[in-house]
Amino acid sequence: MSQPTLYADRAEWSDVVPIEQYENTTPLAPIFYKNEYKDATNYFRGIAKTGEKSQRVLELTEHLIRLNPAHYTAWQYRYETLLAIGSNFEDELRLMDELAITHLKTYQVWHHRRLLMLKICKPARELDFIARTFKVDAKNYHTWSYRQWILAYFNDNELWSGELDFVEDLLYADIRNNSAWHHRFFTVFQSGVHDGEEDRERVLKRELIYVKQSISLVPNNASAWNYLRGLLEHNSIPYSRVISFIQPYTLSMDEQTADLVDLDNPPPSKGAHLPCALAIEFLADIYEAEGGDRMLNATELWKSLGNEYDVARKKYWEYRIREGLRAIQT
Amino acid sequence: MSHETNPLLIPLHVSYIQNLGKNKNDLIYHLTAHLRMNAIYWGLTALCTMNHREALDRDEMIDYVMSCWDEETGGFGAHPDHDAHILSTLSAIQILVTQDAIGRLDIDRVVKFILSLQQPSGVFAGDSFGEIDTRFSYIAVNALSLLGRLGDLDVEKTVSYIAQCRNFDGGFGSRIGAESHAGQVFVCCAALTILDRLDEIDTPTLSWWLAERQLPNGGLNGRPEKLEDVCYSFWVLASLSMLKKVHYIDSDKLISFILSAQDPEGGGIADRPGDMPDVFHTHFGIAGLSLLGYPGLVDIDPVYCMPAALIETLGLRKGWQSLERRMR
């Protein structure tokens, strides 16, 4: 691949005074620039100093951003230039599509899109774009946060209407995707009531079935259990309400007794790793909430967790036992 | 104790940090110019924790910090030609405070810059570009606190935004509606700690969520079903420390994990065993070890991530707990 032509060697840039890196002090971190980057940043400093906002500045900032997507000043200046010269924001967005895929973990890439979206106001397209990037990285924190912003900011019922299906597709692909579980909670319970979701009893029932079925499929999935807890707490339902569902998950495969198919309480699927530590913990919380003699049952369960089923958190379980026993005594 | 067979290689890490300034890997070097101020703060604090503050030249460091002062905005950039940003402004303040050189600062102007970044919703932006994040709320609170100017802050507004970032699992995200993430949990806990508003935290639920970050290999992850990373040794541990639940973590296993991520040849600590080290993970790994009571290290304040004795002298120490320093 041929060497890119330096700005220093290009006639159309000869009117710009490039400004070298400030080197008055012996920098703590001396920098040996690669020529291309050094040249580009010299010329960037040059046009920033004169305040130039032009098409060639767009070219230069694009070049810089490609070399270093974390150069936040270049992003800022680029956005200001787009505004100043009346650029087509949709063209810019298409350019950003390319950069976003290569630099998914850079804050600036997503913030720039947000700024463009505030001008373009076509959120549906963005949701499609985001869905495509999830194929590359389904747990990207910035991307999910951006999706949540798009939905909340434009707050369009048509946008919201497709979200549940979208989340289900992602969970179908990876039932352990914590970001998707979080997004489900956000969509259903933390963003107002959307069209078609007005019957909150029906919504609650649907969510309970969904999370129970997910747990049935893959019991050792912290995200699903956190979702169940969040669901119950948000709707002020005591944990004890689901005790019949929980109990089979606290037993081993041999101890399973379910003969009848109980749609409200899907049992652990074949091949599930039992007993499930997360279920034992849940059951212990139910007993603890009951208090009195039940606290002893809780401590027994915590002991089994610390000794056998969740040894990584032995210290945590020992503290729960201590605190539980103290509660009995008072 | 197994740590004798794999100890913390302090002299090696000290020279690793010193050599960062002389690294001939040029392209990576200037590509991280936007982190330079942060990197110096990480390096300095790691040295302080290892009790080798003198390993970097104080005057040179202060000169560098001051060369990043953005006269137009009243803040600090990451590097002399970078615009002011709240991230580099905090690191600059932390460096100056640690080096006892706060007199070099135009405090009024910096305070004005920081306060100008607060949004109507109560969250802070990073700079005029407008990116918002609870990290920036913490940075603002931390910086104003170090400068003795918390009184200038609209505390209710600041706390109210953070409270709205609390999720169903007890954790906190980068903005309202965002997923719980250990790094964001740290900044929200620390901001609330400084503002004496720990009442906004569901302590039992969040403590459990934090304890759940520990994986069988002893390392900690940032959210469910993600990989372990040494930096979470600090974010998670510091949060538990503020909630006074640091004993929820298996400290022996975590110590072993952090030590196994050291580079025994060139020094420095990586995100996980076998990967290349960097100053970010070196600093947070050592900070985590300090909170875990690893012998031979200096106490670090988990709220400010600065030497504990210094924070105490400034009258800023809050009621956090760390594990007792082991003798060997």
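Predicted model: local features only at pLDDT ≥ 70, side-chain atom pairs only at ≥ 80, totals over all residues.
Colleague: Interface first. How many residues of chain B are in contact with chain A?

Modeller: 57 residues of chain B are in contact with 54 residues of chain A.

Colleague: And what area is buried between chain B and chain A?

Modeller: About 5,500 Å², with carbon and sulfur atoms giving 57% of that. On the side of chain B, Phe129(B), Phe168(B) and Trp208(B) supply 17% of the area the chain buries against chain A, more than any other three residues.

Colleague: How many salt bridges across the interface of chain B and chain A?

Modeller: The rule finds 1 salt bridge there. Arg176(A) forms a salt bridge with Glu225(B), and their closest N and O atoms are 3.6 Å apart.

Colleague: Which atom-distance limit lets that pair count as a salt bridge?

Modeller: The nitrogen has to be within 4 Å of a carboxyl oxygen. At 3.6 Å, the pair of Arg176(A) and Glu225(B) qualifies.

Colleague: How many residue pairs are in polar contact between chain B and chain A?

Modeller: The count is 19 residue pairs, with both residues at pLDDT 80 or more. As for where the chain B side comes from, α2 (26-31), α3 (36-49), α4 (58-67) and α10 (203-211) of chain B are the elements giving two or more residues to it. The largest share is from α2(B), with 5 residues. By class, that side of chain B has 16 nonpolar, 22 polar and 19 charged residues.

Colleague: Back to Glu225(B). What is its phi?

Modeller: Glu225(B) has a positive phi, about 65°, although it is not a glycine. Glu225(B) sits in the loop between α10 and α11 (232-242) of chain B. So the picture for this residue is a loop position, a positive phi and a salt bridge to Arg176(A), as follows from the 4 Å limit.

Colleague: Where is the cis peptide bond?

Modeller: A cis peptide bond joins Leu274(A) and Pro275(A), with omega about -10°. Pro275(A) lies in the loop between α13 (243-246) and α14 (277-290) of chain A.

Colleague: Changing topic: how much space lies in the second largest pocket?

Modeller: About 770 Å³. The pocket has 30 lining residues, and the closest to its centre are Asp70(B), Glu72(B), Asp81(B), His82(B) and Asp83(B).

Colleague: Which elements supply at least two residues of that lining?

Modeller: From chain A, α1 (35-50) and α3 (72-84); from chain B, β1 (69-70). The most comes from α1(A), with 5 residues.

Colleague: What is the lining of the second largest pocket by class?

Modeller: 11 nonpolar, 8 polar and 11 charged residues.

Colleague: And cavities, how many of 30 Å³ or more?

Modeller: The count comes to 5 by this rule. The largest cavity holds about 130 Å³ of space.

Colleague: Which residues line the largest cavity?

Modeller: From chain A, Tyr107(A), Trp110(A), His111(A), Arg114(A), Tyr141(A), His142(A) and Ser145(A). From chain B, Glu131(B), Ile132(B), Asp133(B), Ser174(B) and Arg175(B).

Colleague: Which elements supply at least two residues of that lining?

Modeller: α5 (107-120) and α7 (141-154) of chain A each do. α5(A) gives the most, with 4 residues.

Colleague: And the lining of the largest cavity by class?

Modeller: 4 nonpolar, 4 polar and 4 charged residues.

Key: Residues numbered from 1 in each chain as written. Chains lettered and ligands numbered in written order. Heavy atoms only, no water. Contact = heavy atoms within 4.5 Å. Buried area = accessible area lost by both parts, 1.4 Å probe. Salt bridge = Lys/Arg side-chain N within 4 Å of Asp/Glu carboxyl O. Polar contact = N/O pair within 3.5 Å; in protein donor to acceptor, adjacent residues only side chain to side chain. Nonpolar A, V, L, I, M, F, W, Y, C, P; charged D, E, K, R; others polar. 1 Å grid on protein atoms, 1.4 Å probe; cavity = no way out; pocket = protein on both sides within 12 Å on 5 of 7 lines; lining within 4 Å. Points joined across faces, edges and corners; volume = space filled by probe spheres on them.
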